[in-house]
Amino acid sequence: MRILGIDPGYAIVGYGIIEYENGKLRPLDYGAVETPAKLSTPERLLLIEKNITEMIKEVEPDEIAIEELFFNTNITTGIKVAQARGVVLLSCAKLCDKLFEYTPLQIKSTVTGNGNAHKTQVQYMVQSLLRLRETPKPDDAADALAAAICHAYTARDIKRGLK
């Protein structure tokens, strides 16, 4: 199963693509879609939509896992991130009928065994589970890979009747 994981954002949208077959994880690609600060909000949202749509068409994921929002204290930033996440969700829903959402707590718990894990712990486990030589950069790409890993393990457990 090919899984596209997405860590939505306004300035940076992380993505990670993995294969999950016979209990084994294999990284295929990861990175980020970055939107320049000099662009207007509509231009940035269009850029996100264009890149995510192209990626989905190219990768043809079987399933997509996207991280739910964690609200911080800056409401202005939160609104823009929510707008970007909406664009990502719409792009994904148009092209893949198997779209799954996970909270940061679910992702951290699945990947590290600790829902309160620090970002560095998540990055370490992503690197370890995918047998990568280096920690995925930017951080948003590691978070997207973590979402994909979370989905792989969650889907496996559901199929086995464990959840």
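Glutamate 19 touches Met1, Arg2, Lys24, Leu25, Arg26 and Leu28 once residues up to four places away in sequence are set aside, where contact means heavy atoms within 4.5 Å. This is a predicted model, in which local features need pLDDT of at least 70 and side-chain atom pairs count only at pLDDT 80 or more, while totals for chains, interfaces and linings use all residues. Numbering runs from 1 along each chain as its sequence is written, and side-chain values use heavy atoms, with hydrogens and water left out.

Glutamate 19 sits in strand β2; strands (E, at least two residues) are DSSP runs numbered from the N terminus, as are helices (H or I, at least four). Glutamate 19 counts as buried because its relative accessibility is 14%, buried being under 20% relative accessible area with a 1.4 Å probe and protein chains only. Its side chain makes a polar contact with the side chain of arginine 2 at 3.1 Å; such a contact is a pair of N or O atoms within 3.5 Å, and within protein one must be able to donate a hydrogen and the other to accept it, with residues adjacent in sequence counting only if both atoms are side-chain atoms.

Now turn to tyrosine 10, in the loop between β1 (2-7) and β2 (12-21). Tyrosine 10 is buried too, because its relative accessibility is 10%. Its side chain makes a polar contact with that of threonine 41 (2.9 Å). Beyond its neighbours within four places in sequence, tyrosine 10 has contacts that include Arg44, Ile48 and Val81. The C-alpha atoms of tyrosine 10 and alanine 82 are 8.1 Å apart, although 72 residues separate the two along the chain.

Definitions and conventions
Buried < 20%, exposed > 50% of the residue type's maximum accessible area, 1.4 Å probe, protein only.
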